[in-house]
Each structure stands twice: as structure tokens, then as C-alpha cells.
Amino acid sequence: MKKITTTEALAEFCNEAAKRSYVTVDTEFLRERTYYSKLCLVQLAYQDSGSNDAVLVDPLAEGLSLDPLYRLFEDVGVVKVFHAARQDLEIFYVDQGIIPTPLFDTQVAAMVCGFGDQVGYETLVRKIAKSDLDKSSRFTDWSRRPLTDAQAKYALADVTHLRDIYEYLSARLDQSGRKKWVAEEMAVLNDPATYQSDPEQAWRRVKTRTQSGKFLAIVRELARFRENYAQERNIPRNRVFKDDALVELASTKPQSEQDLGRSRLLLREARKGDIATGILDSVKAGQEVKPEDMPRPDKDRGKLQVNPALADMLRVLLKAKTDDKDVAQKLIASSSDLDALASGQRDVPALKGWRREVFGNDALRLCDGEIGLAVKGQKVVTVPL
């Protein structure tokens, strides 16, 4: 087990990794007390099975720079393999604006290969690598030093078994001709917008029952202030105020700190000082928004005229298609996508790319009354009408 604490040692490992076709990557981080993840450990392994092919990189070590790793991430000759990569990639993008290329996510690949919806790493280790993981160190404090032997063993297992998983899934994809499916899915992970939190759009994450433009204008201003405040101070947005408090503030429209003191849901720290000032300014700004500048919620989705019988038939068709192709249902279409199709909408992911080939074309034919569904033996099949 090798621990890297200097830039020189990291460069040496990355130079060796650059000679291989792929490198597996994982991270350990903390985010409970910060807006952005605090990177505590990077695990790396390449495809050999020697004594130096897997390492723990300590980004908290004094003087260590991750530049050699970022150069490896930009080397298009080496595939960067992650499992459930979204949070790991966000860390590197926020730090240096870098997204590893080319990228392979084994969770996505496993869904394409029929391992179920959002399959966990532990499941793949058991089914593919024929091994078990000791998860006792999963929720430990990764910022404390020195790391325990149990932590180190757990962390390394996240990249050493990943080699077997990657090689197995890659071979399966080659055999099935589905590598292009995974490549399409990587487009979201390769898009910088995936890792950017725009304060202007923060209001869209807040669940409200009221859809009036006046109300949503205040929600938008409060959410924008909260996001900016949290980002600037690197604290969780819920430490500023939670969503239920935000909705309460948009409803009560406080005009003074005295009004804030009457809030049932607002944190005590938010009733005075900079947060209180920001809340009051946001409420005022929201009330002054002109009608033409008020937020426009997706009213069409809220008023979908869903044909429930057709929606049920689409669900049966989806299960039949995914069972036949041995691919995860959620990777093809969500429940809301099926409802949208059943209401006549056509701008849904299920009608694009490889999903259209597997499910979308027959879904449209079903919606248009060109085919029906029938039971043949143990299978549901389509029949022309």
C-alpha cells in the first residue's frame, strides 16, 4: 500500500499510469459543513497487478499539488474509470475546471448491461469481482490524519476492484455493441453545466404549492440570495435558511427584523445581521418585480392531460423492452417521462438517441394506435393494429 504525499511522487505514478490504457479513480471527501466538497483523499490504480499499481494520494499533505493528476485527466489516450462519478467530477471541475477525458462510469455501464437501476459498487464487487467489501470505514472522518489501516484498505478497494469491473463491463459492451449507448450517457457528465450551480436558477429547486408569478418572484430573489451567500462563504445552503423557511418568508413577506423574529421556521442566526438584511432586501426586490419579469413555472407539466390507460400501457411496454434488452428501466424513461408521452408531449429523453431505438419508436406507435400489446407465453409482445 503506497501513500503519496509529495508532488514528485504523484508525478511519478501518473507518468506510469499514462503508459496504460486506463486508470481507475475514486475520492473521499467531506461536505456536511461546506457548500463545496472538501477533497480528503484520491485513490488511483492502473491495470497491472504489481506492488505500486494502486495508491492513496493525500491532497491535504503540505506542498502537494494535484497538477500531475490533472495532466493525466487531460490525456485522451488513457480512459478514466469512475463509479457513480457525478460528485467526484464536481470536485475536480470546481477546483480546476477540468473534466477527465475520456470518461467511463461503471454505474452507467452496469445499468446498460442489465445490472439494475443505479446499481451500487458493493453489488458489482460481489457479482463481478467475486469479493466482499468492508464498509465499516465508509462514514469516517476522512480529513483526520493519520488514516487508519482500515480506512486505507477500504479506500484502496474502491479502485482495485474497479479494474475487474471495468474490464468485465467493457468486454460486455463490446460483445453487445452498446458502447455507443454508454458514450451518449457520458455526455451529461462531460458537460460543465452539470457542475455549475447558477444562483439565478436556484429557485427552481424549491418546491412550492403556489404558482403565482408574484409569489415565485420573491422565492426567486430569496433563493438567489441564499445561493450567493452560501457560495461566497462556502457553507451549506441550509445553514443560511432551509427551503421550508424560504417558502414561509415568501408567504409572510417580512418588512423588518421584528417581522423575522415572528418566523416559525427561520434559524435564530438568520434573524439578524447580514442574513436578515439579505432576506429583507430580497423580499423587497421580489415584490418590485414587474409582471413581465416574473418567473414562468412549467405550467404545462402541471396540467398534463394524461391518458391513464395509455400511461399504464407504456409502463408495460417499457418493462417488456427493458427485460428483452436486459437494460435498466430508469435509464430509458422515468415515470414522469411516460406520463408526458401519454399526454402527447414528445420532447422527452426516451425519444432520443439509443433510447428511441430500444423503446421510443414503439412507444410512439403505441401512442398513435399503430400497435397493441399481447401476451405470448411469458412475454409481452407488440402486435400491429
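Mentor: We shall go from the domains to their contact. The model is predicted, so that local features need pLDDT of at least 70 and side-chain atom pairs count only at pLDDT 80 or more, while totals for chains, interfaces and linings use all residues. Residues are numbered from 1 along each chain as its sequence is written, and side-chain values use heavy atoms, with hydrogens and water left out.

Trainee: Which domains does the protein have?

Mentor: Domain bounds come from an automatic or database domain assignment. Here the assignment gives domain 1 (2–194), domain 2 (199–293) and domain 3 (308–384). The centres of domain 1 and domain 3, taken over C-alpha atoms, are 34 Å apart. Their contact (heavy atoms within 4.5 Å) takes 13 residues from domain 1 and 12 residues from domain 3.

Trainee: How much area do domain 1 and domain 3 bury between them?

Mentor: The size of an interface is often given as the accessible area lost when the parts come together. Buried area is counted with a 1.4 Å probe and summed over both parts. For domain 1 and domain 3 it is about 1,000 Å², with 54% on carbon and sulfur atoms.

Trainee: How many salt bridges are there between domain 1 and domain 3?

Mentor: A salt bridge places a side-chain nitrogen of Lys or Arg within 4 Å of a carboxyl oxygen of Asp or Glu. Between domain 1 and domain 3 the count is two. Lys 180 forms a salt bridge with Glu 357, and their closest N and O atoms are 3.7 Å apart.

Terms used:
Buried area = accessible area lost by both parts, 1.4 Å probe.
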